[in-house]
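I am opening a notebook on this structure. The entries below keep to what I looked up, one topic at a time.

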Amino acid sequence: MSSGDFHGGDTHSGSFHDSDIGGSFGGGGDYYGSPGDYYSDGGSGNAFFSSSSFISAGIYGLIWLLFIIINASFNFVSGFKVLDLILITSGIVLLALGMKDYRRTFALSYIKRGKMPKHEGSVWHGKCTLDALGDSKSWAVEGKNHYQISFLDGEFGPDNAEKVYDTMKRTPGIIWMNLAVWVVISVISIISHVFFYELIIPAFENAVMSDQAFAFIDAFTHYLPSVIVLLCGAACFIIVRVRDNILHKCAVRIAKDNEAVEERLKTEEYIAFQLSKKWYYNTCPNCGAEASATQSACKTCGSSLEVPDSVKSYPGSVHRLSSPPASFSPDSNPE
C-alpha cells in the first residue's frame, strides 16, 4: 500500500468507490482515510446505462436531467455523480444537434470512397432563395450558409461529385468521418462508466504518490468517461458546422462553374443559329471544288463559301449549314 508525501503513512483510497449510501458531489476534498465520501448504493441506474441503443437523443436528454435532480436530492443513482450527469447530458444534447440532419450529408460516404451515391443524390443545407446562384439542382446562396449539390444531375452530376471529392481530399479527414462514430463512442463511454473506475483505480491506490497526485488521478479516472461523452458531442456539433461551411464554399464554386458552362453553351447555340441563317455556295467560287451541306469553307483551298449579302441572285446552288437546335429560341438571344 502506498503512502503519500503528506499522508503520514496512511494508505490511499479512491473516493468514488460504489459501496455505501451517502456523500455528495464535491464534499470534503479528502482522498484518504475510510472510504465513503462519494458512495451510493447499487440502484436501478446501472440498468439504464446497460443499453447500447441510441434511440432518441431528445428523450435521453430529458431522462438525464431527471437523473440529475434525483441524484442531487437523494444520491440514488449508482456510480454517477451530479457532474457526471451534467457532462453526459451536455454531450447528448450536442450529439442530438449534430445528428438531427444526418441524412442530408449521407451521400458524402459514397463520394469519400470515390463512388457515385446510390440512394441519396445530393447534399444540402438551408433553403434556396431568389438570389441563389446556380440552377434548381445545384445552387448556393452567397452570404448565407445555404446550398445544395446534386450528384444525380444528368448534365453536371459527375462533375459535381468530382469537385466535392477533390474538396474532401484537400481538407482534414476527421471532418468527413461518419457522424455515427461519435454516437458509438459516447454509448461505449456511458456503459463503461459502470466499471471503468473500479477497474483502474486499484492500480493507483497501491502506488507510491502524493495526496495531491492521487486526488487528481482519482477524479480524472472517475470523470473520464463522462468527459469523453461531452467531447464526442462537441466534436459532432462543431464538425457538422465546419463541414457545412466547406460544402457551402464548394457549392458556390460549383454553381458559378455550372452557370459559366450553361452560358457558354447558350452562346455557342446562338452563334450556330446566326450562322444557320446564312447561305453558302455548294461549289467553291475560288477553285470550283464541290462542298457539302455542312461546309462553310472550302476544304481544298480554304476559301470562304459564304454568299456575300451584296449578291442578290445566287450563281449556282447554295445551302444553309444547319437548322437551329430545337431547344433554342431566337427570343433568348444573349445581349
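In which loop does glutamate 142 lie? I found glutamate 142 in the loop between strand S3 (139–141) and strand S4 (146–150). Helices and strands here are DSSP runs numbered from the N terminus, helices being H or I with at least four residues and strands E with at least two.

Before going on I noted the ground rules. The model is predicted, with local features needing pLDDT of at least 70 and side-chain atom pairs counting only at pLDDT 80 or more, while totals for chains, interfaces and linings use all residues. Residues are numbered from 1 along each chain as its sequence is written, and side-chain values use heavy atoms, with hydrogens and water left out.

I looked up the accessibility of glutamate 142, which counts as partly exposed because its relative accessibility is 45%. The scale is relative accessible area: buried is under 20%, exposed is over 50%, and partly exposed is in between, with a 1.4 Å probe and protein chains only. I then listed the contacts of glutamate 142, leaving aside neighbours within four places in sequence, and got Leu133, Val252 and Lys256. Contact means heavy atoms within 4.5 Å. Glutamate 142 and valine 252 are 110 residues apart in sequence, yet their C-alpha atoms are 7.2 Å apart in space.

Valine 141 belongs to strand S3.

Entry: the whole chain.
I counted seven helices and six strands in the chain. Read from the N terminus, the order of elements is α-α-α-α-β-β-β-β-α-α-α-β-β. The chain has 335 residues, and 39% of them count as buried. Among contacts with a separation of 6 or more, 65% join residues 24 or more positions apart.

Entry: two helices.
How do H5 and H7 pack? Helix H5 (residues 157–170) and helix H7 (residues 211–276) meet at an angle of about 145°, and their axes are 10 Å apart. The axes are lines fitted to C-alpha atoms, for helices over the stretch in contact, and angles run from 0 to 180 degrees between N-to-C directions. I recorded the crossing of H5 and H7 as right-handed. A crossing has that hand if the near helix is turned clockwise from the far one by less than a right angle, and is left-handed if anticlockwise. From H5 the contact takes Asn160, Lys163, Val164, Thr167 and Arg170, and from H7 it takes Ile246, Leu247, Cys250, Arg253, Ile254, Asp257 and Asn258. Sorted by class, the contact of H5 with H7 has five nonpolar, three polar and four charged residues. Nonpolar covers Ala, Val, Leu, Ile, Met, Phe, Trp, Tyr, Cys and Pro, charged covers Asp, Glu, Lys and Arg, and the others, Gly among them, are polar.

Entry: rings.
How many aromatic pairs does the structure hold? I found three. Rings of Phe, Tyr and Trp (its six-membered ring) pair if their centres lie within 6.5 Å; planes under 30 degrees apart are stacked, over 60 edge-to-face, and the rest tilted. Phenylalanine 106 and tyrosine 110 are edge-to-face because their planes stand at 80°, with the ring centres 6.2 Å apart. Tyr102, Phe106 and Tyr110 make one aromatic cluster. Phenylalanine 106 is partly exposed at 22% relative accessibility, and tyrosine 110 is buried at 12%.

Arginine 103 lies over the face of phenylalanine 106, 4.3 Å from the ring centre. Likewise I noted the charged end of arginine 241 over the ring of phenylalanine 237, 3.8 Å from its centre. A charge sits over a ring if NZ of Lys or CZ of Arg is within 6 Å of the ring centre and within 35 degrees of the ring normal.
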